[in-house]
Amino acid sequence: MGTLVCRNCNKIIEHFEDEKVTVLYSNCKKCHNEDHVKENA
Ligand SMILES: [Zn+2]
C-alpha cells in the first residue's frame with residue numbers, strides 16, 4: 001500500500017494501491033493554499 005504524505009505538515013493525504021510499501025510526499029490542500037498565498041505576498 002502506498003501513502004501520500006504532506007511534506008509540510010506530515011499529514012496523511014491519501015492511501016493508494018501499490019504492491020510495495022511506498023511513501024510519496026506532496027502538499028495537502030491546506031498547505032498548497034498557504035504556499036499559494038506566500039507566492040502572492
Ligand atoms: Zn499539509
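Two strands are taken to pair if DSSP finds at least two bridges between them, and strands themselves are DSSP runs of E with at least two residues, numbered from the N terminus. In the structure described here, which is a predicted model, local features need pLDDT of at least 70 and side-chain atom pairs count only at pLDDT 80 or more, whereas totals for chains, interfaces and linings use all residues. Residues are numbered from 1 along each chain as its sequence is written.

By these criteria, β1 and β3 run parallel and are joined by 5 bridges, while β1, spanning residues 2–6, pairs with β2 in the antiparallel sense over 4 bridges.

Burial was assigned from C-beta atoms placed from the backbone, a residue being buried if 20 or more others lie within 10 Å of its own, exposed if 12 or fewer, and partly exposed in between. Of the 5 residues of β3, the number buried is 0, so this strand lies largely in the open. Lysine 20, located in the loop between β2 and β3, counts as exposed because it has 6 C-beta neighbours inside 10 Å. Although lysine 20 and glycine 2 are 18 residues apart in sequence, their C-alpha atoms are 7.1 Å apart in space.
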